[in-house]
Structures are given as C-alpha cells and as structure tokens.
Amino acid sequence: LAFMVQNNHRPFICLYPVYINSKKTLAEGRRIPTEKAVENPSCAEIRDVLTAAGMNVYVENKMHPREWNRDVQFRGRVRVQLKQEDGSFCQEKFTSRKDVMFYVAEMIPKLKTRTQKSGGGDTSSQQGEGGKKSKKKKK
C-alpha cells in the first residue's frame with residue numbers, strides 16, 4: 001500500500017514534445033492537428049509555458065517510443081499535474097491532456113526564445129560566419 005502511494009502519478013499526465021510537433025505525422029506520435037501544432041517543440045519550452053501558467057511541472061529524461069532521433073533536443077518527457085490529491089483540477093482551464101496540449105502549442109510560438117529567432121539579426125550573423133568557414137574548407 002505504501003508503495004502505491006509513493007508512486008501515485010495519477011494526478012500527473014505525460015507530455016512528449018512529439019505530441020504537439022507539426023513536423024511529425026499522426027503515425028509518428030502527433031496528437032493534435034498540424035495547424036494547431038508547433039514546429040519542433042522542446043521539453044524546456046513546454047516546461048516554461050506550463051510553469052508560467054502556474055502548473056506543477058517536472059521533466060524526465062525519457063524518450064517517446066516512436067522517436068527515432070536520439071538527439072538531445074528530442075529527448076525528454078514532461079509531467080504535468082492536472083489534479084490535486086483530492087481529485088479536483090489544479091486549474092479549471094486544464095481538465096484534460098488535450099487542453100494542456102492545445103494551450104502549450106498556442107503559447108510556445110509566443111515565447112521570447114521563439115520570437116527573437118524570427119528576427120533578422122540572428123540569420124545575418126549566421127550567414128557571415130558560416131560562409132567564411134565553408135569557403136576556407138573548400139580550398
């Protein structure tokens with residue numbers, strides 16, 4: 001009995017980045033429509049969004065079974081607490097795994113890390129540096 005109480009993760013749900021990745025197919029593990037999904041979300045982004053929403057979240061070093069890419073950016077599973085110990089929801093807007101997935105997918109593009117990347121400054125510095133390096137290697 002004590003063992004069951006310690007390992008009671010029932011109020012927590014699992015979220016893999018694959019679930020909301022617009023680059024994945026349904027067969028590869030995506031769980032929401034492509035138009036609502038995000039391009040290559042990371043566990044850190046999911047964690048940041050949900051923490052900002054006031055949810056109890058922690059990240060585990062696990063892989064989605066259908067994820068063939070063993071790269072670090074695809075690694076990780078996010079545990080989110082949906083319910084309190086007494087069975088009531090932590091937040092009324094999150095009553096299901098789908099609610100959480102749609103919310104996360106909607107908020108990730110608004111993250112500062114995402115909005116800065118789309119700015120012109122980042123791409124120009126990459127081109128200048130990368131271009132010089134590749135030319136040297138060719139000669």
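1. In what order do the three strands of the open sheet stand? The order is 1-3-2, and the pairing is antiparallel. Keep in mind that this is a predicted model.

2. Look at the edges next. Strand 1 (12-15) and strand 2 (57-60) hold these places. Each has a single partner strand, so one side of each is left without a neighbour in the sheet. On average, neighbouring strands are turned by 25° against each other, direction ignored. As background, strands of a sheet pair through backbone hydrogen bonds, either parallel or antiparallel.

3. Now the pairing of strand 2 with strand 3 (residues 77-81). The two run antiparallel, joined by four bridges.

4. Helix 2 (residues 43-52) comes next. Its buried residues are C43, E45, I46, V49 and L50. These cover an arc of only 165° around the axis, which puts them on the same side of helix 2.

5. Where does helix 2 lie? It lies across strand 1, strand 2 and strand 3. Against strand 2 it runs at about 170°. After helix 2 comes G54, with a positive phi near 85°.

6. C43 has a relative accessible area of 7%. C14 is at 15%. Both values fall under the 20% cut-off, so C43 and C14 count as buried. The structure holds zero disulfides.

Conventions. Residues are numbered from 1 along each chain as its sequence is written. This is a predicted model: local features need pLDDT of at least 70, side-chain atom pairs count only at pLDDT 80 or more; totals for chains, interfaces and linings use all residues. Side-chain values use heavy atoms; hydrogens and water are left out. Buried means under 20% relative accessible area, exposed over 50%, partly exposed in between (1.4 Å probe, protein chains only). The arc is that of the directions from the helix axis to the C-beta atoms. Two strands pair if DSSP finds at least two bridges between them. Axes are lines fitted to C-alpha atoms, for helices over the stretch in contact, and angles run from 0 to 180 degrees between N-to-C directions. Contact means heavy atoms within 4.5 Å. A disulfide is a pair of cysteine sulfur atoms within 2.5 Å.
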